[in-house]
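Have a look at the model below before reading on. The report that follows walks through a handful of places in it.

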Amino acid sequence: MRTITLLLLVALAAVAASHISRRRRSKQQGLLVRSKRRWVLSTIELQEEAKGPFPMEISRMFNNMSGTNHEFRISGMGVDIEPLDVFFINPDNGTVYARRAIDREQYRKPFHIKFDIYDKTNNQRLDKELAFDVEVKDINDNAPKFSSQVMTADIKENTPEGYLSVQLQANDTDLENTINTKITMSVIGQKPAEPKIHLKQIDNRMGQLTFQGCFDYDKIKKYEVTVQAKDHGIPPLSSTALVILNIVDTNTHPPKFKEKQYQGAVNESAIKDNVLRVAVEDKDTPKTPAWRAKYFFIKGNEDGNYKIETDPVTNEGILSVIKGKDYERTTLTTLKIGVENEEPLWVCKNKATNNPPPDTAEITMKVIDVNDPPEFKGNPTNVYLKEEEPPGKVLYTPTVVDVDSVVSQIRYVLLEDPADWVTINPTTGQITSKQKMDRESPFLNGTNIYKVFIGAIDNDEPPATGTGTVLIHLADINDNVPHLVNKGVIMCGNKVNKVMVPAKDRDIHPFSGPFSFSLGENDKNLEQLWKLEPAFGEVGGLVSRKTVAYGNYSVPLVILDQQNMEGRDTLEVMVCDCGTKDVCRDKLPLSSSLGPAGIGLIFAGLLLFLLLLLLFMCQCGTEFKHLPMVPEEGNQTLIKYNQEGGGSECKAEPLLLTPTHSVAVTDGLKQGTQQMTQMSPVMAQNMDMYNTINPNLASLGMQRRDTVKSYGDQNMYSTWTANRTSTYQGSSSRYNRSVSLRSNHHISDHIDRRLYMIDRNHVDQPVYQPYKYAYEGQGSKCQSLDRLSLSNLGDDVTFLNDLGPKFKTLGGICHQTIQEKNIQI
């Protein structure tokens with residue numbers, strides 16, 4: 001049963017496989033039908049640097065659509081694209097040829113070439129354009145090369161055994177990742193042969209030199225190493241390069257003293273440079289860190305009296321005394337010194353295991369006894385004193401010690417007393433104040449210590465001088481009043497109503513700040529305008545209680561320190577518009593501009609003026625006639641003005657508004673009638689007196705009307721009108737004069753309105769209320785000359801009738817000319 005089952009399964013599997021096979025063949029036949037191949041193409045391989053002969057056939061093309069009238073064409077790289085004319089095709093049979101050998105390293109990419117077939121009769125393409133590649137097969141025709149054929153490197157003599165600072169790089173231009181570009185580098189020669197130099201290859205292109213042993217600059221200063229780079233191609237190719245190693249000298253020789261013992265001498269207490277020089281020798285290269293010496297003390301300079309430096313030119317050690325020696329304590333000093341180089345000493349491990357110790361030498365210095373200057377005990381000395389104390393106080397008496405002289409024979413002098421505040425006793429050295437001392441004096445340089453330098457001179461030969469310093473500490477008292485730091489400030493009225501007012505006091509705590517600020521005068525107007533907030537501290541604040549007008553203000557202030565010492569100062573406050581800044585901005589320049597409307601109005605006015613002028617010309621006609629001149633205002637009349645009549649002491653009072661009456665005056669030449677307002681009795685009396693002063697008035701008519709308006713304590717005339725007519729008859733002339741002076745009534749009304757508005761504004765700004773100035777008595781009672789309007793029409797002008805023969809000649813000429821011009825007089 002099992003056998004039958006297995007046979008059935010095998011039969012079913014065979015049937016299924018047969019069905020699947022038929023379906024696959026059917027699909028493949030359908031694909032072949034849809035994409036029928038007409039070109040026979042392949043990738044062509046061409047060996048690099050082929051020997052020929054050329055032209056050399058490399059391939060042949062076939063197409064089943066070709067016939068007797070077809071033509072093959074190719075294009076692309078190597079044909080009509082660089083490099084040109086490397087390949088060509090036989091147009092009849094499709095054979096492709098190479099014209100010359102090809103270097104693969106010059107053209108690393110395959111040559112991509114396109115193929116076409118055309119009909120010769122109509123030059124139409126017969127099939128789709130296809131392409132193939134020509135790949136150049138690499139051969140081992142390039143040897144590996146180093147990046148540089150000659151390389152130079154500096155190697156320090158003290159370089160430890162191992163790697164050298166020389167890296168080598170080689171490159172092969174043949175096809176990568178083939179045996180033609182696999183490189184092996186090695187050292188094939190060196191001069192001299194020791195120490196032995198090797199080459200360790202890091203990768204296929206990098207290598208580094210190594211060595212075993214030590215370099216010796218004194219023996220060999222340069223090495224020449226030949227290295228080789230070789231590939232694994234068939235046949236293998238190689239190249240070489242030269243590496244030059246220059247050995248740089250380092251510190252391999254320690255410096256040595258030329259002498260082991262040195263002697264020198266120095267005066268007692270003397271400070272002197274270049275007392276003694278010591279010399280060394282060094283076999284290393286001069287002027288290098290390996291040659292330059294460094295000297296140091298090993299023993300004998302525990303007190304720091306000496307120093308030793310190196311001369312950069314000679315490499316010698318220079319010994320100097322920087323602190324004087326006392327002969328009474330020391331007469332001889334032995335200094336032990338050592339020397340080494342700036343660069344640490346290096347010794348090859350093959351020669352020695354440890355570095356040798358530095359070389360040493362001894363210097364013996366003798367101290368020569370000299371006259372020691374006197375010495376002040378407790379120098380410097382501190383003295384304490386209150387400032388502003390009365391002069392004559394003993395401040396300090398020095399104590400001096402001198403081992404070489406008699407102390408009683410020492411004399412004392414002042415060496416430095418900047419403010420001339422003290423005196424010194426030349427015998428005892430006692431210092432006494434001779435002036436009051438001020439702690440705030442500039443001679444203290446902002447401190448409370450005043451320095452005095454004194455000298456003590458002995459009587460030996462030569463004399464020696466010792467110096468002492470006296471530090472006088474001045475205690476502060478409250479002798480300075482506080483004051484403002486800045487006398488003027490700016491308040492930007494458009495932004496703030498407060499300014500800060502700093503104060504200072506030259507005294508110190510507790511005689512200075514914090515301060516108390518207050519307004520300086522008991523003025524209610526000042527208190528209504530300003531206040532101080534804060535009013536206590538190092539800085540006060542001035543605040544305007546209300547908006548103040550722009551301008552300058554003087555604000556008196558009282559400043560009290562902690563001890564209630566009062567200082568008075570005046571702060572100048574400038575209130576202004578600062579804009580966006582913190583300073584008053586400049587006044588804006590006055591400028592104006594006309595817009596289109598203004599320009600249009602100007603042109604319209606001009607046109608209207610021209611129109612009016614044209615109408616006037618039309619009415620007047622073409623002939624212009626001179627207008628007769630009106631014989632008014634004394635036309636062409638000479639009047640004598642040199643008569644000076646006697647004045648009158650007038651005691652009149654100002655005019656009052658009363659009914660008018662007439663006053664008549666007569667005289668031999670003219671008569672006048674004057675209409676005037678009713679005056680007070682005194683004024684009427686004075687006017688009568690004035691009318692009788694000049695009896696020469698012949699005819700005078702005057703009318704005057706005064707209207708007085710009252711505003712407060714002031715009188716103001718609103719209108720004033722005077723009409724005057726005068727007639728004068730002479731021998732040959734007539735004079736008529738008329739004057740009319742009027743002022744519009746609306747001027748008075750305008751002034752009244754402005755005064756009323758100003759008065760209303762004073763409600764917000766009471767500071768600007770109008771003041772009544774002190775009454776100074778009645779005004780002058782003399783009538784104003786302008787209001788009298790007197791004229792000299794009564795003067796005698798008969799002298800004009802006869803001005804002499806010369807004037808008559810001139811008058812005749814002018815009279816004739818006037819008649820010709822049709823001028824009526």
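What follows starts with the whole chain and then visits a few residues and ring pairs.

**The chain as a whole**

Please keep in mind that this is a predicted model. The chain contains seven helices and 47 strands. Of its 825 residues, 32% are buried. Among contacts between residues at least 6 apart in sequence, 66% join residues at least 24 apart.

Let us begin with a charged residue. Aspartate 505 is found in the loop that runs between strand E36 (498–504) and strand E37 (515–519). Aspartate 505 is buried yet lacks a salt bridge. The nearest side chain of opposite charge belongs to arginine 506, 7.3 Å away. A salt bridge would need a side-chain nitrogen of Lys or Arg within 4 Å of a carboxyl oxygen of Asp or Glu. A polar atom of the aspartate 505 side chain does lie 3.0 Å from the backbone nitrogen of aspartate 507. Beyond residues up to four places away in sequence, aspartate 505 touches Asn480, Val481, Pro482, Phe511, Ser512, Phe515 and Asp561.

Pro482 and Phe515 also turn up among the contacts of isoleucine 559. Isoleucine 559 belongs to strand E41 (residues 551–560). Its relative accessibility is 0%, so isoleucine 559 counts as buried. Other contacts of isoleucine 559, leaving aside neighbours within four places in sequence, include His483, Leu484, Ala503, Phe517 and Met565. Proline 482 is 77 residues from isoleucine 559 in sequence, but their C-alpha atoms are 6.3 Å apart in space.

Asparagine 180 sits in the loop between strand E10 (162–171) and strand E11 (183–191), and its relative accessible area of 10% makes it buried. Which side chain makes a polar contact with the side chain of asparagine 180? The partner is aspartate 138, at 3.2 Å. Aspartate 138 is also one of the residues that asparagine 180 touches, along with Ile139, Asn140, Asp172, Asp174, Asp231, Gly233 and Ile234. Lysine 230 is 50 residues from asparagine 180 along the chain, and their C-alpha atoms are separated by 9.7 Å.

Serine 433 lies in strand E31 (residues 431–433) and is buried, with a relative accessible area of 6%. Its contacts, leaving aside neighbours within four places in sequence, include Pro390, Pro391, Gly392, Trp421 and Val422.

**Aromatic rings**

A search of the whole structure finds nine aromatic pairs. Two of them are listed here.

| Ring pair | Centre to centre | Angle between planes | Arrangement |
|---|---|---|---|
| Phenylalanine 88 and tyrosine 97 | 5.1 Å | 15° | stacked |
| Tyrosine 107 and phenylalanine 111 | 5.9 Å | 55° | tilted |

The charged end of arginine 73 sits over the ring of tyrosine 118, 4.0 Å from its centre. The charged end of lysine 221 sits over the ring of tyrosine 217, with 4.6 Å to the ring centre.

Conventions: Residues numbered from 1 in each chain as written. Predicted model: local features only at pLDDT ≥ 70, side-chain atom pairs only at ≥ 80, totals over all residues. Heavy atoms only, no water. Helix = DSSP H or I, 4+ residues; strand = E, 2+ residues; numbered from the N terminus. Buried < 20%, exposed > 50% of the residue type's maximum accessible area, 1.4 Å probe, protein only. Lys, Arg positive; Asp, Glu negative; His and termini not counted. Polar contact = N/O pair within 3.5 Å; in protein donor to acceptor, adjacent residues only side chain to side chain. Contact = heavy atoms within 4.5 Å. Phe/Tyr/Trp six-rings, centres within 6.5 Å; stacked < 30°, edge-to-face > 60°. Lys NZ or Arg CZ within 6 Å of the ring centre and 35° of its normal.
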